Amino acid sequence: MLHQGGKLNDNRDYFIDNLKAFLMVLVIWGHVESNLRHVGELTRLYYFIHTFHMPCFAFTSGYLAKGIMKNGKFRAERYFSTLWLFAVFRMMNYLIPHVLGRPASLEFFDINNAAWYLLALSGWYVLVPLLSSLKPRTGLILTTLAGLLVGYADNVSTFLTLSRMVVFLPFFTAGLYLSREKLTGFLSKYEKLRIPAAVLLLLAAGAFVFLGNPLGSCKRIVFGGMPYKVALKSFAPYGFFIRGGLYLFASVISVACMLVVPRRKMWFSYVGKYSLAVYILHVLVRDILLYAGVFGRIRKLPGRFMLLSIPACVAAALILGNPLFGKAMNWVANPVREWKRWRKI
């Protein structure tokens, strides 16, 4: 999710950049929509997005995580860089409301906000050597079973984001095992399915928006951070099968997104290249607006104005993906490495 793509002839994998840019817009809108005025159709769209956008992001993180191993050795600096960013992110989550006079607590272990992905990513990195030592089929089966069964552990939830770390691990694993050659071959082979894939995405979104959320009272399971007894309540005994169905649905929708996303350089590709900056900065901007009371005033507007949140989030992604922000975030993530690179220049 948060890294630069693999290399092609011009040193960029624009497909990965474009996919991350698309998913980043969904992430921003998801974080904004929950703070706006309740509009039934948009709320149902919100749940549709959550059925697949984090699984697909976990897939891209796994696809790019091959670089955590170099010459058979674990690159600890990349692991610690991710942990460091998580700590900085959490500190900013605390300082913003504190400065604006709102109650806040500094918590590094019980994570229930956007910082969870950085902590989960560091956990997934630790598993890369183990997963790489397994046959792909074995690794996928084991991680999928773990994701399906973890929901029955009532004490596994937001602490160290363990629940989400395990729930989305199968998608990270799938990306880790998928080679660039196989992904390129798949996209080329099924390129003719781009239009049917786009139609499928529209139909699936429309089913949620206009026909009602198919998940019903089980809709909270899409967040992956709750045990079955909390997310599913009376349906908890069937959690294995409900999450299994969601895994299948997320996989189909994610593949459809990949078929639709352009493979060449686009005017918005830079958003995916600097997705790390967009990911962190959009949450900080949202928190400033939230604690400054801006969202409270927006909620007083008629519901139809909430539709403007979609183009606003697209604009936010384009602005926050500016290379200046991206390069600054690289310094924050690894100041020692960037200092050495600057001295060489």
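How much of the accessible surface of the protein belongs to carbon and sulfur atoms? In this predicted model, the accessible surface comes to about 17200 Å², and carbon and sulfur atoms make up 67% of it. Of the 345 residues of the protein, 48% count as buried.

The protein contains 18 helices and 2 strands. Its radius of gyration is 20 Å, close to the 20 Å given by the globule rule for 345 residues, so the protein is as compact as a globular protein of that length. The C-alpha trace spans about 55 × 45 × 45 Å along the principal axes.

The charged side chains comprise 40 positive and 13 negative groups. The centres of these two sets lie 2 Å apart.

In soluble globular proteins, nonpolar side chains tend to be buried together. The largest nonpolar core of the model holds 104 residues, and the members that touch the most others are F48, F89, W124 and I280. Helix α1, which covers residues 14-33, provides the largest share of this core, with 12 residues. The surroundings of one of these members, F89, can be described in detail. When neighbours within four places in sequence are left aside, F89 is in contact with A114, A115 and L118, and also with Y279, I280, V283 and L284. The contact between F89 and I280 therefore joins two of the residues that touch the most other members of the core, where each member is buried, that is, under 20% relative accessible area.

Two residues with a positive phi were examined individually. L160 has a phi of about 55 degrees although it is not a glycine. This residue is found in the loop that connects α6 (136-149) with α7 (162-167). With a relative accessible area of 28%, L160 is partly exposed. A positive phi of about 55 degrees also occurs at K233, again a residue that is not a glycine. K233 lies in the loop between α11 (228-231) and α12 (239-260). The relative accessible area of K233 is 61%, so this residue counts as exposed, the cut-off for that class being over 50%.

Terms used:
Residues are numbered from 1 along each chain as its sequence is written. This is a predicted model: local features need pLDDT of at least 70, side-chain atom pairs count only at pLDDT 80 or more; totals for chains, interfaces and linings use all residues. Side-chain values use heavy atoms; hydrogens and water are left out. Helices (H or I, at least four residues) and strands (E, at least two) are DSSP runs, numbered from the N terminus. The radius of gyration is taken over C-alpha atoms; the globule rule is 2.2 Å times the number of residues to the power 0.38. Buried means under 20% relative accessible area, exposed over 50%, partly exposed in between (1.4 Å probe, protein chains only). Accessible areas come from the Shrake-Rupley method with a 1.4 Å probe; for residues, only the protein chains shown count as cover. Lys and Arg count as positive and Asp and Glu as negative; His and the chain ends are not counted. The place of a charge is taken as NZ of Lys, CZ of Arg, CG of Asp or CD of Glu. A nonpolar core is a set of buried Ala, Val, Leu, Ile, Met, Phe, Trp, Tyr and Cys residues joined through side-chain atoms within 4.5 Å. Contact means heavy atoms within 4.5 Å.
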